[in-house]
2 protein chains.
Amino acid sequence: MGEFQLLARLRERLPPPGHRVRVGSGDDAAVTVPGGATATSVDALVDGIHFRRETATLSQIGRKALATALSDLAAMGAEPGEAYVVVGVPPDLDEDGCLELFDGIAALARETGTTLAGGDVSRGPVLSLAVTVVGHADAPERLVTRAGAEPGDALVLTGEIGAAGAGLLLLERPELAATASPETAERLRLRQLDPTPRLTAGQALAAAGARAMIDLSDGLGGDAKHLARASAAGIRIEAEALPLAPGVAEIAAAADRGRLELAVSGGEDYELLAALAPEHLEAAMHSVAAAGECKLTRVGEVTGGAGVEIRLPGGGTVAPAGFDQLG
Amino acid sequence: MGEFQLLARLRERLPPPGHRVRVGSGDDAAVTVPGGATATSVDALVDGIHFRRETATLSQIGRKALATALSDLAAMGAEPGEAYVVVGVPPDLDEDGCLELFDGIAALARETGTTLAGGDVSRGPVLSLAVTVVGHADAPERLVTRAGAEPGDALVLTGEIGAAGAGLLLLERPELAATASPETAERLRLRQLDPTPRLTAGQALAAAGARAMIDLSDGLGGDAKHLARASAAGIRIEAEALPLAPGVAEIAAAADRGRLELAVSGGEDYELLAALAPEHLEAAMHSVAAAGECKLTRVGEVTGGAGVEIRLPGGGTVAPAGFDQLG
C-alpha cells in the first residue's frame, strides 16, 4: 500500500469541508478563515496504553481519538472547526483496516460539524493516533480556561460520571457483567469505547457565563484539582450530589470497589466540570437542558481554600488522596 | 517519570509566547488570535523510518521534526505562528533525553518566531513525533497553494538541491566521505540532519506574486509532479540550470550514482519550487536575495502539457520515470 494511494482513498471519503475551510486536505497545508479566536488542542492515543485492539473495533478507536480531542474544545466552550489526524499504521493493519479506522473518525466529524482538513500517515510498530483539533469563537474572552473560578462560585457537572470507569472494568473483566442488565452493561461499555464530547453543553455553559471549565479525562478528583490549582482556589464537592450513571454502583460492588471512589477516580467520562457565579446557575441549567445533550447538576462550590475536598454523605470530608475511603 | 511532571519541566523551558497567543500550553487548549487566514499542516516522524537515533542526536531529531513541518508553511508563504508537538516516548528514553529532544524543538521555535503552544506526551514502543504547525496571513488569497501555475510561468527554486540526498548517503556509508573535504561532507550531513525551512523566502515569493508553490520533501522530480498535477499544467525543468550543492557531484560519483539523478530524486532538501508570471521574476529574485536566506534560481517553466519533463544538457528530455538516465 502506497502512502499517496491510501491518502487519496481516504480523501474520497471525507465529508464536505465546513465554511471556514478554503483549502482542505491535499496541499502543503490547509487554509482556513478562522473566527476571532481559536482554541487548539492535540491528543495522542497509542495501542496498549490508551486503547486495546482486542476490546475496541477500529472504527471505535478512530472515533474515540477524535472524541477525546474534541472534548478539550468542549471544555473551552469553542465551536468545533477542523481536525488534523496523524496515524501510525502497524504492519498488521491493512488498507481496509485503515479505512475502517478512518470511517470512525469521519462519522464523528460529520456528526459534530468538524472538517477533517489534513493529516499524515506513517508506518509504525503499533497503531497510534495523534489528533489536533481547532475550535473557534468570536473573541478570545469568549473561551473558558481552567483559571477564573472564584470563591462562592457554583460547581456544576454535565451528564453522569463513573460510567467510563465501570465500562473499562467490564471490558477487562467480562464476568462482572452478570451483576447488571445486558442493556446497562452495554451502555457502560460504550461510555468507555465511544465517549461523547459535550460540545453543545460546553458552548451553552460558556454563553451562560462559566468562569472556569475542564473536561473529565483523568477523573473528577484529579481534574477538579487541575481546575482548583489553575484558579488558585479550593473546591468542595458534595458526594451526595454526584450524578452516578445507572449500573455504576452494581459494577463497583461486584469489583469490590466503592461506587463513589470509582466515579471520582475513574477517568474518561469526558463530562464537563464548570464554575459559575450563583446568579448564573439557573440560566446555565436552563440552556444546557435546552441543548438537549445532557443534564447539568450542581455538585459543589468553589472555596477560598486550596485543593479539593469531598464532603461525604454521613458528614466529614476526604481529600482526593483519601478516595479509597469513599463508599 | 510522571507525565505531568515531565510536561511541567518542558513548560519551564518554553520560549515566551508570540503576540497571537493568549493562553499557551497547560490548559485544555491553547487560545490564539489568528490572522485573517491560517495555514495548518501536520507531519509525523517515526524512528527507523524518518530518522535513525544511531545517526542523529535527540536535539537534531526534535529540530528536524519542527523544521519539516514549518517547511509546509514556508511553501504556503505563511508567517509561522504556533506549533503543537506530540511525542511518543520509548522505554529507553529517559527524562533528560526528552528534554534534549525538546530543546532542539524549542531552539528552532525561537529562531523562527514560532510559539510552542501545546502538545501531548505518551509512552510508545519507539520514538515518534507528530508536529502540527499553524501559520498566518492577512487573507486566504495571500497564501500560495500547489494549484495556480499557468503555462508560460517561470519556475524558480530556492537554494541548492541534492545536499540532503548526498548527506543521507554519507550517514549510511561513511566511507564515501573520503571523496569530499571534511567541511563539505559535514555541510552535506547537516543538510540531511538539520534542514532549514525557507520561511523568509516563502513569504517573499508569496509577496512577489508566486502563483503556485511546494516544498521539496520527496525530491524535485516528485514534488514538481505534485505541483503540475494540482495546477493541471506541465512542467519543463532545464537540467543545466539546476543549482546543485557543492560536493553532490563527488558523493554521487563515489556512490556510483548520477549527480542529476541524486539531485532530482533525493528528497528532503526542503527548498521551495514556485511558479510565477515572467514579469514578476525579477522582483522575486530581488526580494528573495534581499531576505538574505538563500538565492533564487530559474530552473524551467510551466507548459501547457501535463506531467514533468527534464531537458538534458546534451538535448533530449526524460520523464521522472527516467531519472536513472540522468547523468
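Of the 327 residues in chain A, 56% count as buried. Please bear in mind throughout that this is a predicted model.

Chain A contains 10 helices and 13 strands. Its C-alpha trace spans about 65 × 50 × 30 Å along the principal axes. How does the radius of gyration of chain A compare with that of a compact globule? The value for chain A is 20 Å, which agrees with the figure near 20 Å for a compact globule of 327 residues. Turning to contacts in chain A between residues at least 6 apart in sequence, 84% of them join residues at least 24 apart.

Helix α2, residues 58-74, has 17 residues, and from its first C-alpha to its last it reaches 24 Å, close to the 24 Å expected at 1.5 Å a residue. This helix is mostly covered, with 14 of its 17 residues buried. Which residues of α3(A) are buried? They are A:Cys98, A:Leu101, A:Phe102, A:Gly104, A:Ile105, A:Ala106, A:Leu108, A:Ala109 and A:Thr112. As a reminder, an α-helix has 3.6 residues a turn, so residues three or four places apart point the same way. After α3(A) comes A:Gly113, which has a positive phi, near 70 degrees.

Next, the sheet. Chain A has an open sheet of 7 strands with mixed pairing, in the order β8-β10-β7-β11-β9-β12-β13. Strands β8 and β13 of chain A stand at the edges; each has a single partner strand, so one side of each is left without a neighbour in the sheet. Inside this sheet, β9 (residues 234-238) and β11 (residues 296-303) of chain A run antiparallel and are joined by 4 bridges. A:Ile235 has A:Val302 in β11(A) as its bridge partner.

I now come to the nonpolar core. The largest one has 222 residues, and those with the most contacts inside it are A:Leu205, A:Leu273, B:Leu205 and B:Leu273. Leaving aside neighbours within four places in sequence, the contacts of A:Leu273 include A:Leu155, A:Leu157, A:Met213, A:Ile214 and A:Asp223.

The contact between the chains takes 47 residues from chain A and 47 residues from chain B. On the side of chain A that touches chain B, the elements that each supply at least two residues are β1, β2, β3, α2, β4, β5, β6 and β8. Which element gives the largest share of that side? It is β3(A), with 9 residues. By type, the residues on this side of chain A divide into 24 nonpolar, 14 polar and 9 charged. Strand pairing also crosses between the chains: 3 bridges join β2(A) to strand β3 of chain B, and the two run antiparallel. Here A:Val31 is the bridge partner of B:Ala39 in β3(B).

Not counting residues up to four places away in sequence, B:Ala289 touches B:Lys295 and B:Leu296. B:Thr158 is 131 residues from B:Ala289 in sequence, yet their C-alpha atoms are 9.9 Å apart in space.

Note on methods: Residues numbered from 1 in each chain as written. Chains lettered and ligands numbered in written order. Predicted model: local features only at pLDDT ≥ 70, side-chain atom pairs only at ≥ 80, totals over all residues. Expected span 1.5 Å × (residues − 1). Buried ≥ 20, exposed ≤ 12 C-beta atoms within 10 Å, placed from the backbone. Contact = placed C-beta atoms within 7 Å. Rg over C-alpha atoms; globule rule 2.2 N^0.38 Å. Nonpolar A, V, L, I, M, F, W, Y, C, P; charged D, E, K, R; others polar. Pairing = 2+ DSSP bridges. Core = buried A, V, L, I, M, F, W, Y, C linked by C-beta atoms within 7 Å.
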